[in-house]
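Here are my notes on the model you sent over. Keep the viewer open while you go through the points.

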Amino acid sequence: MTGNVRTVFGLLATAALVAACSSSGASTAPSAGSTLKIGVVTDVGKVDDKNFNQYSYEGAQKAAADLGATVQYVVPKDASDYAKDIQGFVDQKFNIIVTVGFALGTDTIKAAKANPDVWFLAVDVAPCVDEAGAPDGTFACKGDASKLLPKLIGITFQEDQAGYLAGIVSAAVSKTGKIGQIGAINNNPAVVRYLQGFQLGAKSYNPNVTVETAFFSTGDPNKAYADPVWGKTFSTQFIDQKGVDVLFQVAGGTGNGALDAACEKNILAIGVDVDQYNSYTTADKCIVTSAEKHLSSAVNQTIKAISGSTAKGGVSTFNAKNDGVGYSPFHNTSIPIPAGVQAKLDAAVAGMKDGSLKTCPDKCGTWTQP
Amino acid sequence: MSGFGRVRRAALLSTVKRAAIGAARPIAEPLAAIVLALLVGAVLIVLFSGLVARHSAFDLGLPVAAYAALLEGAVSPNGMTATLVYATPLILAGLGVAIGFKAGLFNIGGRGQFLMGAVGALAVATVVGQTQSSYITIPLALLVGALCGAAAGFVPGALKATSGAHEVVTTIMLNYVLVFVTYWAISGPLALPGSPQPISVDVATRNAALPIILGRDGHLGILVALVAVPLVWFLLYRTTLGFEIRAAGANSDAARYGGMRTNRLIVLTMSLAGLLAGLGGATTILGVVHQVAPGYDTTVGFDAITVALLARSNPIGVMFSGLLLGAMRAGAQTMQIQAGVPPELVDALQAIILVLLVVNVLRRWLDGRSRQHGSTPSAAADTAMLADATA
């Protein structure tokens with residue numbers, strides 16, 4: 001049965017992870033004088049998925065190691081475990097509960113409302129609540145989450161900065177001066193911010209570069225985020241028609257199809273959210289870098305802020321200033337990176353840190369056809 | 001000469017042995033499998049402590065701590081409710097697999113049937129729940145979920161009846177199709193409008209959440225599962241249809257000679273199996289999950305096979321084995337939190353139980369084969385044997 005195979009892999013994987021953890025000095029035993037207990041509920045899958053689960057947990061591990069706290073994780077088997085797994089940590093008197101990913105958002109908000117004494121960190125979720133502090137299914141977000149649920153922190157990222165850095169790299173490695181970006185859908189502010197930043201970043205490196213933009217869908221979320229086959233078909237056509245030689249994609253599973261298309265068409269590709277050279281190895285030979293959210297760093301910092309009593313409820317945004325976003329290392333040595341790119345990237349990061357660099361247009365997050 | 005004598009003596013011995021253990025076997029075998037699995041699991045945990053978690057030495061006490069946590073998570077007041085909640089879909093889908101076994105059908109389509117039940121219930125909540133009270137929405141959602149599951153069972157049943165396509169193959173293939181139908185439904189027509197990422201509606205906001213009848217999160221679905229057990233038992237052992245199902249499973253040729261329409265029985269049985277698994281999906285969505293993101297999947301379909309095998313396809317037994325696997329699932333999380341043992345260990349325990357049971361089934365099947373000299377079993381005969389062995 002597949003369960004067997006999965007189990008073996010799971011054990012091996014946990015082995016590697018826990019080994020890494022113990023060698024870095026983290027321990028599951030609570031140290032003297034500390035009562036801080038951190039629980040992480042990952043999304044389904046594995047804790048070492050080289051994606052959101054893994055980096056969020058690593059952030060919690062680092063924080064726990066530095067604070068002498070206990071850290072424990074639970075991997076839900078499927079969605080029917082979400083609420084119970086969160087509740088399990090509440091029952092065991094954990095003080096900080098980290099939940100990973102959009103799918104756990106509703107259950108996290110519900111738990112935060114029911115347990116006002118416990119800190120909740122919702123990774124990649126901007127809590128949207130109604131006037132009573134309950135999850136708002138209409139997305140009107142009339143309630144002020146930071147006041148109604150003062151111990152719920154939604155960890156979000158300034159995507160345009162990550163996009164900006166990826167844009168610099170893309171413009172640099174392009175030979176034709178034509179690069180492309182495809183977003184999932186044009187009404188998701190996070191997606192749009194990535195694209196807007198990418199465009200500005202590319203132009204900053206080479207003002208003459210052409211940035212072609214498209215969206216996988218304007219209304220169908222399935223095509224937008226969850227359909228790699230559509231992603232590949234659409235991107236192949238896009239590459240053929242626009243003649244781009246670098247492709248940036250911001251579209252979840254659909255985006256993986258775009259990475260495949262880029263590889264097949266022998267052009268370069270840029271990953272998104274996490275280091276996709278590692279997380280989507282099918283396309284590693286054409287991935288130059290990824291526009292990254294530094295999940296580990298964000299979780300680590302937020303936990304430390306809670307421990308140091310400086311944390312506030314509501315949305316906590318991470319950007320270059322607090323090492324919350326960045327670009328992945330250039331793993332792929334077969335793709336030459338022009339000299340001088342590193343200096344440009346360093347300068348851009350410095351500009352983001354001191355606030356002198358504008359990485360998003362005035363209507364940041366709203367797409368207007370240029 | 002002695003060769004012949006040896007064979008006769010061996011046959012006699014095996015007959016005596018079979019008679020002796022025959023009475024106790026229905027309970028002894030699954031119990032032995034569970035105990036053995038727990039022992040192997042203990043060895044795994046000790047190995048884990050030394051090789052993986054790098055405790056100072058191999059921690060011989062860890063299995064005790066882990067199993068204590070497992071037990072606490074399964075039978076503490078809240079744990080008891082959790083056990084019942086997890087057992088609900090396992091019992092329902094397990095009954096579906098058991099009915100299949102009785103009819104000589106190996107239904108591996110529980111996963112797809114469960115998911116169709118989930119989609120059906122979600123669809124009702126999405127469409128009807130906004131305007132109707134829960135008194136209308138909930139029964140309708142359960143009904144539509146069950147029917148969608150039945151439809152997912154009907155297809156492989158009809159394929160088998162009309163073309164002889166083996167249900168093991170068609171149900172497995174259909175699982176993949178239905179996983180993606182679910183994916184499409186949740187991210188497409190059933191997606192919540194305005195959401196920045198695709199996700200379904202929250203059934204609690206659509207008058208479709210099952211009422212809590214027990215403890216913190218024991219929902220009405222528990223009752224549905226517990227009522228289904230005697231109903232299925234009654235159907236199998238006290239009705240003509242049940243007799244026909246069992247007759248077809250025991251020997252489909254004889255059943256046909258006896259005037260039973262075996263093709264109709266196949267379709268009916270598979271639909272019924274799908275209906276039960278679909279009900280499992282519907283109760284899970286309406287009672288536990290409430291809101292679903294694309295990529296939603298379940299292991300209930302496969303776990304239900306373990307449930308049915310453990311119970312030797314007896315509906316009452318299904319209730320107990322469903323509770324056992326539910327308890328393991330409920331306790332897994334406490335085991336993770338308190339003992340730091342990875343959740344995969346519970347998967348491993350379940351897999352070991354399954355392997356031990358299957359080995360037993362195989363052994364008996366081989367026994368049976370060696371007795372009927374050199375007959376070449378067809379795929380259909382395989383399933384009949386499996387059904388026989390589990391009956």
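1. Burial comes up a lot below, so here is the rule: a residue is buried if 20 or more other C-beta atoms lie within 10 Å of its own, exposed if 12 or fewer, and partly exposed in between, with C-beta atoms placed from the backbone. Take A:Gln241: it has 11 C-beta neighbours inside 10 Å, so it counts as exposed. A:Gln241 belongs to helix α9 (residues 228-242) of chain A.

2. Some bookkeeping. This is a predicted model, where local features need pLDDT of at least 70 and side-chain atom pairs count only at pLDDT 80 or more, while totals for chains, interfaces and linings use all residues. Residues are numbered from 1 along each chain as its sequence is written, and chains are lettered from A and ligands numbered from 1 in the order in which they are written.

3. Chain A overall. There are 13 helices and 12 strands in chain A; these are DSSP runs (helices H or I, at least four residues; strands E, at least two), numbered from the N terminus. The radius of gyration of chain A is 21 Å, close to the 21 Å from the globule rule for 370 residues, so chain A is as compact as a globular protein of that length. That radius is taken over C-alpha atoms, and the rule is 2.2 Å times the number of residues to the power 0.38. The C-alpha trace of chain A spans about 60 × 45 × 40 Å along its principal axes, and 59% of the 370 residues are buried.

4. Domains of chain A. Domain 1 covers 32-157 and domain 2 covers 159-292 + 325-354, with bounds from an automatic or database domain assignment. Their C-alpha centres lie 30 Å apart. Five residues of domain 1 are in contact with five of domain 2, where contact means C-beta atoms, placed from the backbone, within 7 Å. The domain 1 side has three nonpolar, one polar and one charged residues. For these classes, Ala, Val, Leu, Ile, Met, Phe, Trp, Tyr, Cys and Pro count as nonpolar, Asp, Glu, Lys and Arg as charged, and the others, Gly among them, as polar.

5. Which helix of chain A is largely enclosed by the rest of the structure? Look at α4 (residues 105-114): eight of its 10 residues are buried, so the helix is largely enclosed. The buried residues include A:Thr106, A:Asp107 and A:Lys110. They pack against α3 (82-91), β3 (96-100), β4 (119-123) and β5 (152-157) of chain A.

6. A helix pair to check. The axes of α2 (residues 52-67) and α12 (residues 295-307) of chain A come within 7 Å and cross at roughly 35°. Here axes are lines fitted to C-alpha atoms over the stretch in contact, and angles run from 0 to 180 degrees between N-to-C directions. Among the residues of α2(A) that meet α12(A) are A:Phe52, A:Tyr55 and A:Leu67. By class, this contact has nine nonpolar, six polar and three charged residues.

7. Finally, chain B. Chain B has 15 helices and two strands, and 56% of its 391 residues count as buried. How many residues of chain B are in contact with chain A? The number is 47, and they touch 40 residues of chain A. On the chain B side, α14(B) gives the most, with six residues. By class, that side has 26 nonpolar, 16 polar and five charged residues.

Key. Two residues are in contact if their C-beta atoms, placed from the backbone, lie within 7 Å.
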